[in-house]
Amino acid sequence: MEEGIVIVGAGIAGLATALALHRMGIRSLVLESADSLRSSGFGFMAWPNAWKALDALGIGDTLRGTHIRLQGIVAGSNVTGELVSEKSYKDKDRPNGYHEVRCMKRKELVEALSGDLPNGTIRFSSKLVSIQESGHLKLLHLADGTTIKAKVLIGCDGVNSVVAKWLGFGKPAFARRSSIRGYAHFESGHGFVHKGFQFHGNGIRVGYNPCDEQTCYWFFTWTPSNEDKVIGNDPEKAKEFVLSTIGNVPDQLLDVIAKTGPRTYASPMRFRYPWELLWCNISKDNVCIAGDALHPMTSDVGQGANMALEDGVILARRLAEALLPRKADEEGEFERIRSGLSKFGEERRWRSFGMITTAYVIGYIQQSNWWVMKFVKDKFLSPVLGKLLLSRADFDCGELIKI
């Protein structure tokens, strides 16, 4: 079986790349190891850079209709219970007077990205196990014994990426912190203000963000001990652990966690050492990586999914520049593909380096118990955190090529 563009992984980066290519009239095949779309993670903060990407993909307005616009972020201490700072998302130069920040339900995003793809674009239960070269093609060997010849291979296969390993990247490192995430549904509405809240102290960070008038997404990060490993994904154990450890926080946050549905999602935080991006190949010939395969990072700046959306638009545009001439010159096309993927890698190298580093440093300071870090956090970090998050989100991935 021979295919043009093969994308490994039907996560946010893979689906965004496939949809961007489809919008420009280019077919792709997405290989997904699971037997259905993955919706783990529940929610994430969609910052202005994400909305620019979603508008380029043509699904921004659809998702705006089901997610409220947040007005700001409030930070506090879970030791004293006091609110430390508040950053408004107001900006007179932005549409409607606010930076566009919403808490996105991951399931709705994945469904929106996949919903406009042609039938047959996603092939489920298709796990990539190895890659071989065959001239200008890549031979993709799947767990079911199938071999696919690919003209272009894009690895969007997450933190344990087979494609990233083939390119020479090491396994992402454990940040020595873990997270528990969940969401609560309030049948009659939660009545919360349209703001995000987060509290930190004693080595933990916890908070919540309303997604709509009935749903709230919450998160809890901490440095686990050996005893904490029994939590796993047991929702009752996770809720009990969080509520017993959370500290001095408002009743509404306790209510959000108490009303969590039948599932929570617990996972260790992993990140790529940023210097790997300086000497490893993000692309090689007709192969490249994107999303968590490229820039896994801790969740402290809430940019992992946003960066994946950026990747999808930029990568598809670079491929379109190489493929849309549609010349019957195999050697010339291969060189255009190689050049396009190389340009994508250079565009994303330093932005990924900066975002991974920022996330790790902020997380380290926020959850550190060292008195110097506590002083830095209380006196300097909390007042500027909202501004820093917005500055990192001030990025425009651009439009797709008009055809």
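**View 1. Helix H1 passes helix H4 in a left-handed crossing.** A crossing is left-handed if the near helix is turned anticlockwise from the far one by less than a right angle, and right-handed if clockwise. The model is predicted: local features need pLDDT of at least 70 and side-chain atom pairs pLDDT 80 or more, while totals for chains, interfaces and linings use all residues. Residues are numbered from 1 along each chain as its sequence is written, and side-chain values use heavy atoms, without hydrogens and water. The axes of H1 (residues 12-23) and H4 (residues 106-115) come within 9 Å and cross at roughly 30°. H1 and H4 are therefore roughly parallel (angles under 35 degrees; over 145 is roughly antiparallel, 65 to 115 roughly perpendicular, the rest oblique). H1 contributes Ile12, Leu15, Ala16 and Leu19 to the contact, and H4 contributes Arg106, Leu109, Val110, Leu113 and Ser114 (contact: heavy atoms within 4.5 Å). By class, these are seven nonpolar, one polar and one charged residues.

Axes are lines fitted to C-alpha atoms, for helices over the stretch in contact, with angles from 0 to 180 degrees between N-to-C directions. Helices (H or I, at least four residues) and strands (E, at least two) are DSSP runs numbered from the N terminus. Ala, Val, Leu, Ile, Met, Phe, Trp, Tyr, Cys and Pro count as nonpolar, Asp, Glu, Lys and Arg as charged, and the others, Gly among them, as polar.

**View 2. H1 also packs with helix H9 (residues 304-323), at an angle of about 35° and with the axes 8 Å apart.** Here the crossing is right-handed. From H1, the contact uses Ile12, Ala13, Ala16, Thr17, Ala20 and Leu21; from H9, Ala305, Ala308, Leu309, Gly312, Val313, Leu315, Ala316 and Leu319. This contact has 12 nonpolar, two polar and no charged residues.

**View 3. Helix H6 (residues 235-245) and helix H7 (residues 251-258) cross at roughly 165°, their axes coming within 10 Å.** The pair is therefore roughly antiparallel, and the crossing of H6 and H7 is left-handed. Lys239, Val242 and Leu243 of H6 meet Leu254, Ile257 and Ala258 of H7. Five of the residues in the contact are nonpolar, none polar and one charged.

**View 4. H4 gives three residues, the largest share, to the lining of the second largest pocket.** Of its 13 lining residues, Phe42, Lys105, Arg106, Lys107 and Tyr183 are the closest to the pocket centre. The lining comprises four nonpolar, four polar and five charged residues.

Terms used. On a 1 Å grid over the protein atoms alone, a cavity is a set of points where a 1.4 Å probe fits but cannot get out, and a pocket is an open set with protein on both sides within 12 Å along at least five of seven lines; lining residues have an atom within 4 Å of a point.
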